[in-house]
Amino acid sequence: MSTAINSFFSGKSILITGASSGLGWALAEALAPCRVKLGLLGRNTEKLQELAAKLRYTGSEFIVLTCDVQDRHAVEQSVQEFHQLAGGLDMVWVNSGISRSTFFPNWDWQNVEAIINTNIMGAMYTTKACADIMVQQDSGTIVAIGSVASMRGLPKHGIYSMTKIALNHYIESLVAELPQLHFILIHPGFVDTAINQGNPNRVFLMTADKAAQLMLKAVAKRKRYYIYPWQFRLLYPLVRALPASLYQSIAKKLVKMRK
Ligand SMILES: NC(=O)c1ccc[n+]([C@@H]2O[C@H](COP(=O)([O-])OP(=O)(O)OC[C@H]3O[C@@H](n4cnc5c(N)ncnc54)[C@H](OP(=O)(O)O)[C@@H]3O)[C@@H](O)[C@H]2O)c1
C-alpha cells in the first residue's frame with residue numbers, strides 16, 4: 001500500500017460489517033498495518049476473533065462485535081459499542097451480504113427474506129446507526145458495498161440484484177440529504193470469495209486481496225462511485241443503457257443456455 005493511502009487511513013476508527021470472511025476479512029488485513037481501530041462485525045465470533053488474533057502484531061486495535069445485521073437493535077447496540085470503545089467512528093464499510101439463487105421454479109421464501117433482510121434492511125440499519133453518530137460529529141465516511149449484479153435484473157438472482165440496486169438508490173438519496181458526510185458506493189465484479197463458490201460464470205475474477213487494495217485506493221481518493229474491475233466499469237453503464245426489449249431477449253437466452 002502506498003504511503004499516501006496508509007496515511008489517509010492511519011489513526012481512524014473503522015467499522016467493517018461482514019469481516020469474518022471474504023472482502024471484509026481482506027479489508028481488515030489490508031487496513032491493519034495502518035494503525036487503525038477496527039471494528040470487526042459479523043455472526044461468526046470465532047472467525048472474527050481468529051482474524052483479530054492474526055492481525056494483533058500490527059499494533060492496530062480490534063473490537064470484535066458479534067451481531068446479526070438483520071436485527072436492528074443488535075446493530076444499533078454494536079455500533080454504539082464500537083463508537084464508545086474506539087472513541088470515535090470515522091468510517092463504516094457496509095459490507096455484510098448474502099446471495100442465493102432465487103430462480104422462480106425453486107422459489108424459497110426463507111432465501112428471499114434472508115437476502116432482503118441482510119442486504120437491504122441490514123445495510124440500512126448499519127448505515128442509519130452510523131450516520132446518526134456521524135451527523136452529530138459533523139463528519140464521517142460511509143462505504144456501501146453494492147454489486148455489478150445491480151446492473152440490470154439478473155435472471156436466477158433477481159432478488160440479489162434488486163437488493164443491490166436498492167442500496168444504490170438509498171445511498172444516492174442520502175448523499176443529497178447528508179452533504180456533511182462522505183458516501184462512496186462500490187460495485188464489485190466477481191471476487192473469489194465464499195459468496196460465489198460454485199458459480200461457473202465468474203468472469204474477470206480477482207482475489208479478495210486485490211479487491212481490497214482497489215477499494216482502499218478508491219476510498220482514499222475520495223471517490224463517490226467506484227466499479228471494479230475495469231472491464232465491468234466499461235460494461236456497467238453500457239448494459240444499463242440497453243433498451244428493455246434488447247436486454248430482455250439477451251436475458252432470456254442466458255436462462256435457456258444455463259438450464
Ligand atoms: N465476492 C463477490 O464476487 C462480490 C461481488 C459483488 C458484491 N459482493 C458483495 O460483497 C459483500 C461481501 O461479500 P463476500 O464476497 O465477502 O462474501 P462472503 O465471503 O460470503 O462474506 C459475507 C460476509 O457477510 C456477513 N454476513 C452475512 N449475513 C450476515 C448477517 N445476517 N449479519 C452479519 N453479517 C452477515 C458474513 O459474516 P457472518 O457469516 O459471520 O455473519 C460474511 O462475513 C457482500 O455484500 C456481497 O454482496 C461480493
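This report describes helix packing, nonpolar cores and selected residues in one structure. The model is predicted.

**Packing around helix α2**

Two packed helices are described by the angle between their axes and the distance between the axes. Helix α2 spans residues 22–31, and helix α7 spans residues 208–220. The axes of these two helices come within 8 Å and cross at roughly 65 degrees. The crossing in which α2 passes α7 is right-handed. On the α2 side, the contact is made by Gly 22, Leu 23, Ala 26, Leu 27, Glu 29, Ala 30 and Leu 31. On the α7 side, Ala 208, Asp 209, Ala 211, Ala 212, Gln 213, Met 215 and Leu 216 take part. Sorted by class, the contact of α2 with α7 has 10 nonpolar, two polar and two charged residues.

Helix α2 also packs with helix α3, which covers residues 45–55. Here the angle is about 20 degrees, and the axes are 10 Å apart. Angles under 35 degrees count as roughly parallel, and α2 and α3 are therefore roughly parallel to each other. The crossing of α2 and α3 is right-handed. From α2, the residues Trp 25, Ala 28 and Glu 29 meet Lys 47, Glu 50, Leu 51, Lys 54 and Leu 55 of α3. The contact of α2 with α3 divides into four nonpolar, no polar and four charged residues.

**Nonpolar cores**

The largest nonpolar core has 42 residues. Within this core, Phe 9, Trp 93, Ile 186 and Tyr 228 touch the most other members. Helix α7 gives the most to this core, with nine residues.

The surroundings of Phe 9 can be listed in detail. Leaving aside neighbours within four places in sequence, Phe 9 is in contact with Ile 14, Leu 31, Cys 34, Val 36, Met 91, Leu 216, Val 219 and Ala 220. A second, separate core of 30 residues includes Leu 41, Ala 74, Val 75 and Leu 167.

**Selected residues and their surroundings**

Ile 16 is found in strand β1. Ile 16 is buried, with a relative accessible area of 0%. Not counting residues up to four places away in sequence, Ile 16 touches Gly 24, Leu 27, Ala 28, Leu 31, Leu 38, Gly 39, Leu 40, Leu 41 and Trp 93. Between Ile 16 and Met 206, which are 190 residues apart in sequence, the C-alpha to C-alpha distance is 21 Å.

Ser 20 is found in the loop between β1, residues 13–17, and α2. This residue, Ser 20, is buried, with a relative accessible area of 16%.

Ala 218 has its place in helix α7. With a relative accessible area of 2%, Ala 218 is buried. Ala 218 is in contact with Ile 184, Lys 223 and Tyr 226, leaving aside its neighbours within four places in sequence. Ala 218 and Ile 184 are 34 residues apart along the chain, and their C-alpha atoms are separated by 8.7 Å.

The table gives the relative accessible area of these residues.

| Residue | Relative accessible area |
|---|---|
| Ile 16 | Ile 16: 0% |
| Ser 20 | Ser 20: 16% |
| Ala 218 | Ala 218: 2% |

**Backbone features**

Most residues other than glycine have a negative phi, and most peptide bonds are trans. Lys 156 has a positive phi of about 75 degrees although it is not a glycine. The residue Lys 156 is placed in the loop between β5, residues 141–145, and α6, residues 158–177. Lys 156 counts as partly exposed, at 22% relative accessibility.

Arg 222, also not a glycine, has a positive phi of about 60 degrees. Its place is in the loop between α7 and β7. At 38% relative accessibility, Arg 222 counts as partly exposed.

The peptide bond from Tyr 228 to Pro 229 is cis, with omega near -5 degrees. Pro 229 lies in the loop between β7, residues 225–228, and α8, residues 230–241.

Key: Residues numbered from 1 in each chain as written. Predicted model: local features only at pLDDT ≥ 70, side-chain atom pairs only at ≥ 80, totals over all residues. Heavy atoms only, no water. Axes fitted to C-alpha atoms, helices over the stretch in contact; angles between N-to-C directions. Helix = DSSP H or I, 4+ residues; strand = E, 2+ residues; numbered from the N terminus. Left-handed = near helix turned anticlockwise from the far one by under 90°. Contact = heavy atoms within 4.5 Å. Nonpolar A, V, L, I, M, F, W, Y, C, P; charged D, E, K, R; others polar. Core = buried A, V, L, I, M, F, W, Y, C linked by side-chain atoms within 4.5 Å. Buried < 20%, exposed > 50% of the residue type's maximum accessible area, 1.4 Å probe, protein only. Parallel < 35°, antiparallel > 145°, perpendicular 65-115°, else oblique.
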